[in-house]
Every structure is written in C-alpha cells, then in structure tokens.
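Hi there,

Here is the structure I promised to pass along.

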Amino acid sequence: MAERSPGDDPVTQRPSKYKGPTVQRGKAVDHSTTDQRLLDQRGPTDWVHTDPWRVLRIQAEFVEGFGALAELGPAIGVFGSARTKPEDPAYAQGEALGRRLAEEQFAVITGGGPGAMEAANKGCSQAGGVSVGLGIELPFEAGLNPWVDLGVNFRYFFARKTMFVKYSQGFVVLPGGLGTLDEMFEALTLAQTQKVTSFPVVLVGSDYWRGLVDWLSGPVLESGKISAHDLDMVTVTDDVEEAVAIMAASREEHA
C-alpha cells in the first residue's frame, strides 16, 4: 500500500495517514514521506541504529545461518561453560563427546567459544567430523575457538538459538553457568510445548546436576508447576557413551 497524504478520518474527523501497512491518526501523523527521508542526504546517520534497520540485520542473520547450515546433516548441540579449563574433567568429557558423536556420523554444534565448547569442537574436528560454532557478539569473548570448521557469528541471541534448535536433533549439556542453563531450559520448554518433537536432552555430570534435578523433582513437581512426564525429557549420566547412544537411538527411531 502506498503512502496516502494526511486527511481527516471520516469517523473521528482526526487527521489520518496511511504509511504502508501502518495507520497514523491524530498526533501520531508525521508530515514527511518514507521516500523523502530515504533520498534526503541531510541529517544525522542515526537511522542505521533504528528498529526498522535492525529488522534487516535480523533478517540477514537468519538468511546467513540458514544458508550456512542447510546441508549440515544430522547434528547434536553441545552446551557447556566457556570457563571450563583444559585440566577440568569436564573438558576431557567434552573432547570424548565430540569425538564419539563424529564417529556416529553426527555434526557437533556448539556456541563456538572456549572451555567446554572448544573441547567438543576439538574432539569432533580431530575425529574428522563437522565441527560447527555459532558465535555471539559478547563484550568478553573474542571470536570462535580454533577447532570450529564451520562458523557463523551472530549479533542476536534469538537468531542464534533458532539455528541451534533448527539444526540439532538433540542436546548434550556439560556443566555450565547461566548461558548453559538458558540454552538447556529453552530446549526443554520447546519440547514440553511440542514446538519440537523427539528432542532428547542429556545432562552429563550427575554430581553437578543433582541439585537442579532434585529441585525440579521436588518442590517444582510437588507444587504442580510441571508434570511428572516433563522430567522424562531429561537424562542425567556420567557416561559419554550413554549420551551418544541416546542421540543415536533417537535418530534411528525417527529416521
């Protein structure tokens, strides 16, 4: 719909203007056109930071992510702390996990950062698998880890999360902090609400996750905030082989 010059609304008699799909009335009516502002070279450059311009950047992130990952094949998302040190047992578990997933013909998708993410990417890459990193712009992390073979950087968390969910067939979660918890609960919420189907989630590290699982199966369940079958969406293990077997079984079940 083209812009229409301001006129009086026939019902309210207030000034009205159609601006594409938007209707402006009363004080909301502006007195310039979109073409005029596009072609006018005067004024500040703040327009590149406005919400409509951000929409194009968001669109570009989705297009770039879909284009890069469209032919990825079966993949598993691996979450874990960026603060995990190489001497931490969780780092060795991450390497073993990435290696075994690659041997089972899965690509490995991480957040592309250091720590547990680097470990999973390293194990996958060294085993000849497709090691993917979905990076995010943060003030305290610099770029993707060196074991990412296919990397995409994002400005927006929600665009990045969409890529994780769209291209992963399941999630394995190593010990982590707020970011890891956010990603884990995002996956569980999508599975609970049936936005995704057959989405296994495995937590590796029973000692680390015990408090969380006890809280969910205790006061959260007992107060009726979740159902008993919601807890069945999560498996807790210390065995990397069990985690990989669960992912492989899910793939076979829905092949």
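**Two helices side by side**

Helices α2 and α5 run roughly parallel to each other, because their axes cross at roughly 25 degrees and angles under 35 degrees count as roughly parallel. Please keep in mind that this is a predicted model. The helices in question span residues 51-69 (α2) and 157-167 (α5), and their axes come within 10 Å. The crossing of α2 past α5 is right-handed.

Which residues make the contact? From α2 they are Ile58, Glu61, Phe62, Gly65, Phe66 and Leu69, and from α5 they are Phe158, Ala159, Thr162, Met163, Lys166 and Tyr167. By type, the residues of this contact split into eight nonpolar, two polar and two charged.

**An enclosed helix**

Next, have a look at α4, residues 116-126. Nine of its 11 residues are buried, so this helix is largely enclosed by the rest of the structure. The buried ones are Ala116, Met117, Glu118, Ala119, Ala120, Asn121, Gly123, Cys124 and Ser125. Their cover includes the strands β4 (75-79), β5 (107-110) and β6 (131-136), along with helix α3 (89-103). Just after α4 comes Gly128, with a positive phi of about 85 degrees.

**Ser131, in one of the covering strands**

Ser131 sits in β6, and β6 is among the elements that cover α4. Is Ser131 buried or exposed? Its relative accessible area is 0%, so Ser131 counts as buried. Its side chain makes a polar contact of 2.8 Å with the side chain of Asn121, itself one of the buried residues of α4. The Ser131 side chain also reaches the backbone oxygen of Trp147, at 2.8 Å. Leaving out residues up to four places away in sequence, Ser131 touches Val108, Asn121, Cys124, Ser125, Trp147, Val148, Asp149 and Leu150.

**Asp238, in a loop**

Finally, Asp238 lies in the loop that links β10 (234-237) to α8 (240-253). With 46% relative accessibility, Asp238 is classed as partly exposed. Beyond its neighbours within four places in sequence, Asp238 is in contact with Gln93, Gly205 and Ser206. With Ser206 there is also a polar contact between the side chains, at 2.6 Å.

Best wishes

Note on methods:
Residues are numbered from 1 along each chain as its sequence is written. This is a predicted model: local features need pLDDT of at least 70, side-chain atom pairs count only at pLDDT 80 or more; totals for chains, interfaces and linings use all residues. Side-chain values use heavy atoms; hydrogens and water are left out. Helices (H or I, at least four residues) and strands (E, at least two) are DSSP runs, numbered from the N terminus. Buried means under 20% relative accessible area, exposed over 50%, partly exposed in between (1.4 Å probe, protein chains only). Contact means heavy atoms within 4.5 Å. A polar contact is a pair of N or O atoms within 3.5 Å; within protein, one must be able to donate a hydrogen and the other to accept it, and residues adjacent in sequence count only if both atoms are side-chain atoms. Axes are lines fitted to C-alpha atoms, for helices over the stretch in contact, and angles run from 0 to 180 degrees between N-to-C directions. Angles under 35 degrees count as roughly parallel, over 145 as roughly antiparallel, 65 to 115 as roughly perpendicular and the rest as oblique. A crossing is left-handed if the near helix is turned anticlockwise from the far one by less than a right angle, and right-handed if clockwise. Ala, Val, Leu, Ile, Met, Phe, Trp, Tyr, Cys and Pro count as nonpolar, Asp, Glu, Lys and Arg as charged, and the others, Gly among them, as polar.
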